[in-house]
There are 2 protein chains.
Amino acid sequence: MNNKASTPGPLAGVRVIDLSGVVVGPVATLLMGEQGAEIIKVEPPGGDLMRKLGGRGIEPAMAPKFLHLNRNKKSIQLDLKKADDKAILLNLIEGADVLVSNMRPRALDKLGLSWSDLSLRNPRLVHCTITGFATGGPYEGTPAYDTIIQGAAGVAACTNAAHGEPLFAPFVLADHVVGLIAAQAVTAALFARSISGRGQAVEVPMFENMAAFVLCEHLGQRTFGEGGAFGDPRILNPDARPLKTQDGYICVSANTDVQARGFFSAIGRPELADDARFISVEARLENVNAYFEVRAQAVQRRTTSEWLALFAAHDVPAMQVNLFEDLIADPQLIASGTLVTEPGRAPMLGVRHANRYSHSGVPDAVFAPRLDQHGEEIRAALKGKGG
Amino acid sequence: MNNKASTPGPLAGVRVIDLSGVVVGPVATLLMGEQGAEIIKVEPPGGDLMRKLGGRGIEPAMAPKFLHLNRNKKSIQLDLKKADDKAILLNLIEGADVLVSNMRPRALDKLGLSWSDLSLRNPRLVHCTITGFATGGPYEGTPAYDTIIQGAAGVAACTNAAHGEPLFAPFVLADHVVGLIAAQAVTAALFARSISGRGQAVEVPMFENMAAFVLCEHLGQRTFGEGGAFGDPRILNPDARPLKTQDGYICVSANTDVQARGFFSAIGRPELADDARFISVEARLENVNAYFEVRAQAVQRRTTSEWLALFAAHDVPAMQVNLFEDLIADPQLIASGTLVTEPGRAPMLGVRHANRYSHSGVPDAVFAPRLDQHGEEIRAALKGKGG
């Protein structure tokens, strides 16, 4: 199944006005743009902070992280303090399907951009606000950035439980995850509109969504009352990590009884499959420390490629750890078109939408815009409509 | 803005047949079920592996992680090796909008459950297959589990770059993220169907999606050619972590010039705002080691609550690190209804959908099903239709 180039994508025909910046909103609209929605990125004077914060570009204000998060978008710079620019934004919203912002609701209100204001002009609008903390709660309006959410919502609590100190995940995790959740919520509201004919306001709070993510994973036995311990012991175990081989690292996953039996055979300890500690899913969970220790000690004794062959022969899921250099040479990422050399501004590595749609395709990728690159075109189109 | 209880949700009226298990598929259908879709979880004899793998339940095969990932779903046990059960599945699919599976495409083919088989019976079906590795690439069909994808797709490479050893994120990250991506892709295909009248096959590959996630973050200067270094230095910096105070940990985010100025004032070093190393976004990025070191050293000198007051007074985004115990007592999570005591089977903590929809609401939460809890009801309904 291949994506057909130049076909419109499942969200073709959807027009999104994107007032968001940095990561969380741009991740949401990146996904929608890759699915064929038209994304109009409205940037304040000076542009999205990520243009500079995301590394050194080969031209100013075109940081690599900005490029990767803003493909397939158009840029217009608007100063919302100016009446003319504000009028342009309102005209754009009138003709749009979706508005995405990560301003605080009070700031949106002040600008006359709340759902109650805008739904009068455009009742079909899906009005998505990504907030730090859900409105109505005691933290409403508290400023939120990725690391603040990682710390407050329990991501750092997980590393604390696993490794004895609170750390962040080594990527903009909360922004990235909540951006995906926002894209899905907007898409669901568009689906609902296809039935009701009506848009609506959607609030996507970062803190609550990340806390729900963490709690589903790690409420553990505490789910059932104060006597129970937090945490999934299979995940927080110190040996729940890539295993060191003679020459690198490997990941092995043997969860079912059949896989565990295969694993014990592959390491030359078939008798362990009948050991009471390891004989069932429940037994291995109960004795997870011993199980993981057996794994870690056995795997040290051969090279990664020896293990990959052995595990494959025993139907045990396993794969090498890829470091960054490995990733950009990975034959699967290249064959699937996930990693490409950008046409037009070579040499530059680009990332592409990974999903395949049998009948919708995905649009050809378009390079991230320079600040206000499409300002003139967008303004002219509005005038053409008498806007 | 509050969700109205007992209202249908943005995906009301959508019927999903869920053949998936463990985490990635259940995360996708959890989200859709919370938005009002009817989720029929088809379980093999013995049930979803997560019923046992996800911790000790207060009754057998009802592990806490299973409960948190399978709210708002119905369960029917079907043995697809038996003709009768297979016929029930096919009848269910005929009346459904969506099929979600995480079987390998070859296994689906063998069961007669590929898109080309099923689209003849139900051309409006959205047929979502979550694969480990995209079909057509050299790793096609390789078995994939969360940790294997974390290792292969670069999550462990990120911790290696940040901390000098490859580690997994301390949660089922790849499954969880790709589950969200799958939910969005299915929802987008439902939206496309609202226009075209036609369903389609959607493939959501785990490896490619997670690699894209990692590469957007950390291609860094390597984006522009072999001379450039991988990695976002703001994120991989050893001091990019919650900062130790006198009595705990705090997260501080001062990215804009105004925030940085506020930060330097709050720590009693206002002169640093005019230091050439710290005077702009670009300068602080270039001197991120020095900037983060100043931060880490300053913050040690007061308690968390002193800092929170000081940073608030200087408009610097900051928040305490919450550990697991803090999370379940957090007033925001309780006020927003994200964390609840389950009705019916108390005492039990439950997690709830965090997004708010002004006009769709979300359905009342329903406890995760026992294995085959709805088998009889679902079979009877099919017979009623002459199925």
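In the predicted model, the buried residues of helix α8 of chain A are A:Val155, A:Ala156, A:Ala157, A:Cys158, A:Thr159, A:Asn160, A:Ala161 and A:Ala162. Because eight of the nine residues of this helix (residues 155-163) are buried, α8(A) is largely enclosed by the rest of the structure. Within chain A, the buried residues of α8(A) pack against α7 (146-152), α9 (173-196), α10 (206-218) and α11 (233-236). Packing partners of these residues also include α16 (324-328) of chain B. Just after α8(A), a positive phi of about 85° is found at A:Gly164.

The contact between the two chains involves 128 residues from chain A and 128 residues from chain B. On the side of chain A that touches chain B, the most residues come from α9(A), which contributes 14. By residue class, this side of chain A comprises 81 nonpolar, 35 polar and 12 charged residues.

At the level of domains, chain A is divided into domain 1, which covers 15-214 + 355-384, and domain 2, which covers 243-320. A distance of 43 Å separates the C-alpha centres of domain 1 and domain 2 of chain A.

How values were computed. Residues numbered from 1 in each chain as written. Chains lettered and ligands numbered in written order. Predicted model: local features only at pLDDT ≥ 70, side-chain atom pairs only at ≥ 80, totals over all residues. Buried ≥ 20, exposed ≤ 12 C-beta atoms within 10 Å, placed from the backbone. Helix = DSSP H or I, 4+ residues; strand = E, 2+ residues; numbered from the N terminus. Contact = placed C-beta atoms within 7 Å. Nonpolar A, V, L, I, M, F, W, Y, C, P; charged D, E, K, R; others polar. Domains from an automatic or database assignment.
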